[in-house]
Amino acid sequence: MLRDDVYEAKMRTSPELDNLLSTAKYIGHNADDGRHQAAVGGWDHYSAVFEVGGKYYRGTVSLLVDEKGRRRFHDVTQI
């Protein structure tokens, strides 16, 4: 279970995804393990630092890569 402040930080990142990724560091790409049918192109992962309510957080942003090569926000983990 996420702490309340971590949950709030996670929810606030999605509308700011473009800004978040502009400063994030690319970690790498991996193939989907079969659990996500839409992730035909696998996953791109980025390390990001972001600020919410005066507190700084570090997390991994995961983007699903679909059959057309488009990247879609999926989750922020390891906060």
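Predicted model: local features only at pLDDT ≥ 70, side-chain atom pairs only at ≥ 80, totals over all residues.
**Stop 1: glutamine 78**

Select glutamine 78. Its phi is positive, about 55°, although the residue is not a glycine. Most residues other than glycine have a negative phi. Is glutamine 78 buried or exposed? Its relative accessibility is 67%, so glutamine 78 counts as exposed.

**Stop 2**

Next, select E2 (43-52) and E3 (55-65). Ten bridges join E2 and E3, in the antiparallel sense. For a landmark on this pairing, pick glutamate 51, which stands opposite tyrosine 56 in E3.

**Stop 2: helix H1**

Select residues 4-13, which make up helix H1.

Show side chains on the helix. Which residues of H1 are buried? They are Val6, Ala9, Lys10 and Thr13. These four cover an arc of only 100° around the axis, so they lie on the same side of H1. Look for what they pack against: helix H2 (17-23) and the strands E2, E3 and E4 (71-77).

**Stop 3: the aromatic pairs**

Display the aromatic rings. How many aromatic pairs are there? The count comes to two. A pair of aromatic rings is described by the distance of the centres and the angle of the planes.

Start with tyrosine 26 and tyrosine 46. Their pair is edge-to-face, 5.3 Å centre to centre, with 65° between the planes. Tyrosine 26 belongs to strand E1 (residues 25-30) and tyrosine 46 to strand E2, so the pair ties together parts that are 20 residues apart in sequence. Tyrosine 26 is partly exposed, with a relative accessible area of 42%. Tyrosine 46, at 11% relative accessibility, counts as buried.

Move on to phenylalanine 50 and tyrosine 57. This pair is stacked: the centres are 5.8 Å apart and the planes make an angle of 25°. Phenylalanine 50 is buried, with a relative accessible area of 8%. Tyrosine 57 is buried too, and its relative accessible area is 8%.

**Stop 4: aspartate 66**

Finish in the loop between E3 and E4, where aspartate 66 is found. Why does aspartate 66 count as buried? Its relative accessibility is 2%, and buried means under 20%.

Show its side chain together with that of arginine 70. The two side chains make a polar contact at 2.9 Å. Then widen the selection. Leaving aside neighbours within four places in sequence, aspartate 66 is in contact with Ala38, Val40, Gly41 and Arg72.

Terms used
Residues numbered from 1 in each chain as written. Heavy atoms only, no water. Buried < 20%, exposed > 50% of the residue type's maximum accessible area, 1.4 Å probe, protein only. Helix = DSSP H or I, 4+ residues; strand = E, 2+ residues; numbered from the N terminus. Arc of directions from axis to C-beta. Contact = heavy atoms within 4.5 Å. Phe/Tyr/Trp six-rings, centres within 6.5 Å; stacked < 30°, edge-to-face > 60°. Pairing = 2+ DSSP bridges. Polar contact = N/O pair within 3.5 Å; in protein donor to acceptor, adjacent residues only side chain to side chain.
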